[in-house]
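Work through the exercises below with the sequence and the structure at hand. Each task is followed by a solution in steps.

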Amino acid sequence: MGGDGQTLEPLMRMVCHNVAQHPYVLCHRDFHGQNLHIYEDTIYLIDYQDLRMGPDTYDMASLLRDRGVARIVGDETELELLEHYAAATAAAGGVRRRYFETLLQRSIKILGTFSAQPILRGRMHYLDFIPATLESIRRCVEELPEYEPLRDMFPLAFDLHTARKRAHELNDARSSS
């Protein structure tokens, strides 16, 4: 990862400030495919221990850019579903921008989790989720040009093989100390 704190910190402050200005609603905050279950044509939502107030687009960002959902849904359908959400909820204007700001903040947070799990807990399967998360960051930067410097700070050309090897080395070193 390139860049330094002097470049990253103002960008993170900007995204956090902007997201804090979004309308807040009750959010599931763990809304993704694995927590949706269909039984007899009814969708059931589970795993709601993270339920709390959050940005109005948080659950949409969580669901539409989930590790596997984004590739299935695609960019065009993602935006159609976002428009449908805005109309169905009578959300305030600027939903698209709020969605991508929330997605950016959430993706950066998740990238930290997915990067730490292999090293700290030996859970190497989290590395598999990093490319899709980086794709979400790339998509946000395309939508929000003021965050363009992030393109150089995050490894958008992530090499899973190299990351897996490095995570094993770090995990082994951590375990032996």
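**Exercise 1. A helix crossing**

Task: State the handedness of the crossing of H3 and H4, then describe its geometry and the residues that meet there.

Solution. The model used here is a predicted one.

Step 1. The crossing of H3 and H4 is right-handed.

Step 2. Helix H3 covers residues 69–89 and helix H4 residues 95–121; their axes come within 10 Å and cross at roughly 115°.

Step 3. On the H3 side, the residues in the contact are Glu78, Leu79, Leu82, Tyr85 and Ala86. They meet Val95, Arg96, Tyr99, Phe100 and Leu103 of H4.

Step 4. Sorted by type, the residues of this contact are eight nonpolar, no polar and two charged.

**Exercise 2. The surroundings of Thr102**

Task: Decide whether Thr102 is buried or exposed, and find what Thr102 touches.

Solution.

Step 1. Locate the residue: Thr102 is part of helix H4.

Step 2. The relative accessible area of Thr102 is 0%. Buried means under 20%, so Thr102 is buried.

Step 3. Set aside the neighbours within four places in sequence; Thr102 is then in contact with Val19, His22, Pro55, Thr57, Tyr58 and Ala61.

Step 4. With Thr57 there is also a polar contact: the side chains of Thr102 and Thr57 are joined at 3.0 Å.

**Exercise 3. Aromatic pairs**

Task: Count the aromatic pairs, then classify the pair of Phe114 and Tyr126 and the pair of Tyr126 and Phe129.

Solution.

Step 1. The count is four aromatic pairs, taking ring centres within 6.5 Å.

Step 2. For Phe114 and Tyr126, the ring centres are 5.7 Å apart and the planes stand at 45°. Planes under 30 degrees apart count as stacked and those over 60 as edge-to-face, with the rest tilted; the pair of Phe114 and Tyr126 is therefore tilted.

Step 3. Phe114 belongs to helix H4, while Tyr126 sits in the loop between H4 and helix H5 (130–143), so this pair ties together parts twelve residues apart in sequence.

Step 4. Check the accessibility against the cut-off of under 20%. Phe114 has 8% relative accessibility and so counts as buried; Tyr126, at 19%, is buried as well.

Step 5. The rings of Tyr126 and Phe129 have centres 5.8 Å apart and planes at 80°, which means that this pair is edge-to-face.

Step 6. Put together, ring pairs link Phe114, Tyr126 and Phe129 into a cluster.

Definitions and conventions:
Residues numbered from 1 in each chain as written. Predicted model: local features only at pLDDT ≥ 70, side-chain atom pairs only at ≥ 80, totals over all residues. Heavy atoms only, no water. Axes fitted to C-alpha atoms, helices over the stretch in contact; angles between N-to-C directions. Helix = DSSP H or I, 4+ residues; strand = E, 2+ residues; numbered from the N terminus. Left-handed = near helix turned anticlockwise from the far one by under 90°. Contact = heavy atoms within 4.5 Å. Nonpolar A, V, L, I, M, F, W, Y, C, P; charged D, E, K, R; others polar. Buried < 20%, exposed > 50% of the residue type's maximum accessible area, 1.4 Å probe, protein only. Polar contact = N/O pair within 3.5 Å; in protein donor to acceptor, adjacent residues only side chain to side chain. Phe/Tyr/Trp six-rings, centres within 6.5 Å; stacked < 30°, edge-to-face > 60°.
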